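Please open the structure in your viewer and keep the selection tool at hand.

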Amino acid sequence: MTPHIPEPDTDPRFEQVLNQRLAELPLETPSHRLRANVLALAEQSTGEVHRWWWPFGPLWRPAFVLACSALLGLGLGTTWSQTPPAQEFIGSETITLIFGPMEEAP
Amino acid sequence: MVHSKQHDPSIQADAQLMARVAMGDAAAWKLLADRELSGVLLLAKRLLDHHQEAEDVTQETFTRLWRQAPHWREEARVRTWLYRVTCNLCLDHLRHRHGRITEETFAEGEEEAVPASDRESPLAHLERKEQRHLLDAALAHLPVHHRTAVLLVNVLGLRVAEAAQVMHLGDEAMASLLARSRQRLRLLLLPWRNELLGA
């Protein structure tokens, strides 16, 4: 079968209508899933930033634990502060600190 | 009309938007997605003729845009970049689906004409309200390169120079391809010329 080959249409009105119809073709509406997945790209990234800078996150966690320990120590020290038994070290105490308690032979 | 890329305000505005995206600005990303999603999806769907595949390609395109944000250079509009990536991904999909799409395929299509039997299709009896379906059918019958050219310029409103960037062609080659594509579209629609003109 010989295909029908029409003559090219050069009617400017047809051209104009064709342009208009093409420009009027509606855009596609993305599904909720697609839109959510695309927007989630930014949310995931923001989440990652928050995870890193959040005080309880991996970066700050050791610093946070250290700061808490220091505050706890300060608090305890203030609450139960005791005066030392002597204002000055004496020689025997220094020797005991260095060599341990000396036991006298029976 | 020749536009200087450096002084094109839309390119500069897009670069600023992409800089915000690179900083993790979710609002900028949403603005970009709201502005471009529909066009990218339209292009993918018209090229692939498959809704789910088109959505997958659209998502992949935007994922690549997100990764590209920190490296974005003020050279082109985001829209041009998106359409280029979409076209490439769609061509990959089509190659996997139908085997390799080559210029030979495109050249063979040049000599094709509308079979006489198609003129007796029920489409010929559609009223003016169904002109869009005629156009849809005609677009779907265009070879993929022709369809891409018409979609980019006549449907999505890119300038010929921008469409040339998308299709990796020179400006003159793009203009020539567009002229041939439109001629082919007119030939496909010729049997329904009166319906389209509303006569």
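The stops that follow concern the interface of the chains, salt bridges, a helix and cysteines.

**Before starting**

The model is predicted: local features need pLDDT of at least 70, side-chain atom pairs count only at pLDDT 80 or more, and totals for chains, interfaces and linings use all residues. Residues are numbered from 1 along each chain as its sequence is written, chains are lettered from A and ligands numbered from 1 in the order in which they are written, and side-chain values use heavy atoms, with hydrogens and water left out.

**Stop 1: the interface of chain A and chain B**

Select both chains. Here 33 residues of chain A are in contact with 45 residues of chain B, contact meaning heavy atoms within 4.5 Å. The two chains bury about 3800 Å² between them, 65% of it on carbon and sulfur atoms; buried area is the accessible area (1.4 Å probe) that two parts lose on being put together, summed over both.

Five salt bridges are found across this interface, a salt bridge being a side-chain nitrogen of Lys or Arg within 4 Å of a carboxyl oxygen of Asp or Glu. Helices α1 and α2 (32–53) of chain A each supply at least two of its residues; helices are DSSP runs (H or I, at least four residues), numbered from the N terminus. The most comes from α2(A), with 10 residues. By type, this side of chain A divides into 17 nonpolar, seven polar and nine charged residues. Nonpolar covers Ala, Val, Leu, Ile, Met, Phe, Trp, Tyr, Cys and Pro, charged covers Asp, Glu, Lys and Arg, and the others, Gly among them, are polar.

**Stop 2: salt bridges**

Select A:E15 and B:R186. Their side chains meet in a salt bridge (2.7 Å, N to O). A:E15 lies in helix α1 of chain A and B:R186 in helix α10 of chain B, so the pair joins two chains. B:R186 is buried, at 12% relative accessible area, whereas A:E15 is partly exposed, at 23%. Buried means under 20% relative accessible area, exposed over 50%, and partly exposed in between (1.4 Å probe, protein chains only).

Next, select B:D34 with A:R35: they form a salt bridge whose closest N and O atoms are 2.6 Å apart. B:D34 also forms a salt bridge with B:K30, at 3.1 Å. B:D34 and B:K30 both lie in helix α2 of chain B, four residues apart, about one turn of the helix.

Then select B:R35 and B:D14, a salt bridge at 3.0 Å between the closest N and O atoms. This pair links helix α2 of chain B, which holds B:R35, to helix α1 (residues 9–22) of chain B, which holds B:D14. B:D14 is buried, at 5% relative accessible area, while B:R35 is partly exposed, at 37%.

**Stop 3: helix α7 of chain B**

Select residues 131–141 of chain B. Which residues of this helix are buried? They are B:Q131, B:L134, B:L135, B:D136, B:A138 and B:L139. Their cover includes α1 (12–24) of chain A, together with α2 (26–48), α8 (144–155), α10 (171–189) and α11 (193–197) of chain B.

**Stop 4: B:C87 and B:C90**

Finally, select these two cysteines. The structure holds zero disulfides over all chains, a disulfide being a pair of cysteine sulfur atoms within 2.5 Å. The sulfur of B:C90 is 6.6 Å from the closest cysteine sulfur, in B:C87, too far for a bond. B:C87 is buried, at 5% relative accessible area, and B:C90 is buried at 1%.
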